Number of protein chains: 2
Amino acid sequence: MKAQALHGHLDALLLAVLEQGPRHGYAIIEALRARSGGTLDLPTGTIYPALRRLERAGLVASTWSTVNGRERRTYELTEAGGRALVGERAGWREFSATVGRFLGADEPPTAPA
Amino acid sequence: MKAQALHGHLDALLLAVLEQGPRHGYAIIEALRARSGGTLDLPTGTIYPALRRLERAGLVASTWSTVNGRERRTYELTEAGGRALVGERAGWREFSATVGRFLGADEPPTAPA
DNA sequence: GATCGACAAGTAGCGTTGCTACGCATGAAG
DNA sequence: CTTCATGCGTAGCAACGCTACTTGTCGATC
């Protein structure tokens, strides 16, 4: 799927993934791919900058852990992030309802008798 | 609502509006505002360039009409535009289903009697 | 008569955002 | 030793919608 359509919703997705528990970048990518049934296969160049954006915004926090000599930066949701997620969810609902009204998400605008 | 979240879906909305019949730019804006319950209030600077984009892509066609001395460019859906709209609808469904899976979802789509 | 607001179309420039392509490092497998 | 998977990161690009502005007619108001 055209991932660029995510525009503006990626942050919400990341927060939603982190809501289930702390994860490091790579794991987040895999979680997105798994939970979306392979539809969302985002490159690292998309995820990492996005995570740093979220961290700068205070919505996630990161801690370094060295596992087997490999540096892993684990991100977790902050309180502000949790609150933001609530808002994002509401925003998504409104958005999808609005667009759905035009694109006939499930109810095509074919005039009922 | 944050209209910038439209990213990539605006074209589909415009096609959907024109599906109901030819309209000129201004009328399209009003149709969007009306059908969305005021949620979508897009500025002309968003609509006009988008329409020209669609025309360049051959998805809509325009004709000038002078009404009361006022120039109105009326757009209508082309065949290609109609076909594109079908694809956009499918794309929207996949997109909204995928994101909905993460953002918790108001999932009314499966409403089998 | 002049001005203001609604209608109607358009352009220029900007900022956000995700993508592509690349670089760097470690451990395991061949 | 080379290659691959894991893991993090940056630089530059392109797409898209927004803000702000311009042009022009018409009707109403001052």
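In chain B of this predicted model, B:Asn68 takes a positive phi near 55 degrees, and its place is the hairpin of β2(B) and β3(B), with 2 residues between the strands. Helices (H or I, at least four residues) and strands (E, at least two) are DSSP runs here, numbered from the N terminus. Residues are numbered from 1 along each chain as its sequence is written, while chains are lettered from A and ligands numbered from 1 in the order in which they are written. As the model is predicted, local features need pLDDT of at least 70, side-chain atom pairs count only at pLDDT 80 or more, and totals for chains, interfaces and linings use all residues; side-chain values use heavy atoms, with hydrogens and water left out.

Let us stay with the strands for a moment. Two strands pair if DSSP finds at least two bridges between them. The table lists the pairings in both chains.

| Strands | Sense and bridges | Residues that stand opposite |
|---|---|---|
| β2 (residues 60-67) and β3 of chain A | antiparallel, 8 bridges | A:Ser65 and A:Arg72 |
| β2 (residues 60-67) and β3 of chain B | antiparallel, 8 bridges | B:Ser65 and B:Arg72 |

Chain A has a hairpin of β2(A) and β3(A), again with 2 residues between the strands, and there A:Asn68 takes a positive phi near 55 degrees.

Now pick out one residue, B:Thr74, in strand β3 of chain B. Is B:Thr74 buried or exposed? It counts as buried because its relative accessible area is 18%, and buried means under 20%, exposed over 50% and partly exposed in between (1.4 Å probe, protein chains only). Leaving aside residues up to four places away in sequence, B:Thr74 touches B:Pro22, B:Arg23, B:His24, B:Ala61, B:Ser62, B:Thr63 and B:Ser65; contact means heavy atoms within 4.5 Å. With B:Ser65, the side chain of B:Thr74 also makes a polar contact of 3.4 Å. Such a contact is a pair of N or O atoms within 3.5 Å; within protein, one must be able to donate a hydrogen and the other to accept it, and residues adjacent in sequence count only if both atoms are side-chain atoms.

Elsewhere in chain B, helix α1 (residues 10-19) is mostly covered, with 8 of its 10 residues buried. Among them are B:Leu10, B:Ala12 and B:Val17. After α1(B) comes B:Gly21, with a positive phi near 140 degrees.

Finally, how do the two chains meet? The contact takes 34 residues from chain A and 34 residues from chain B. Between them the chains bury about 3,200 Å², 68% of it on carbon and sulfur atoms; this buried area is the accessible area (1.4 Å probe) that two parts lose on being put together, summed over both. A:Trp92, A:Phe102 and A:Leu103 supply 26% of the area that chain A buries against chain B, more than any other three residues. Across this interface the rule finds 8 residue pairs in polar contact (both at pLDDT 80 or more). On the side of chain A that touches chain B, α1 (10-19), α2 (25-35) and α4 (79-103) each supply at least two residues, and the largest share, 14 residues, comes from α4(A).
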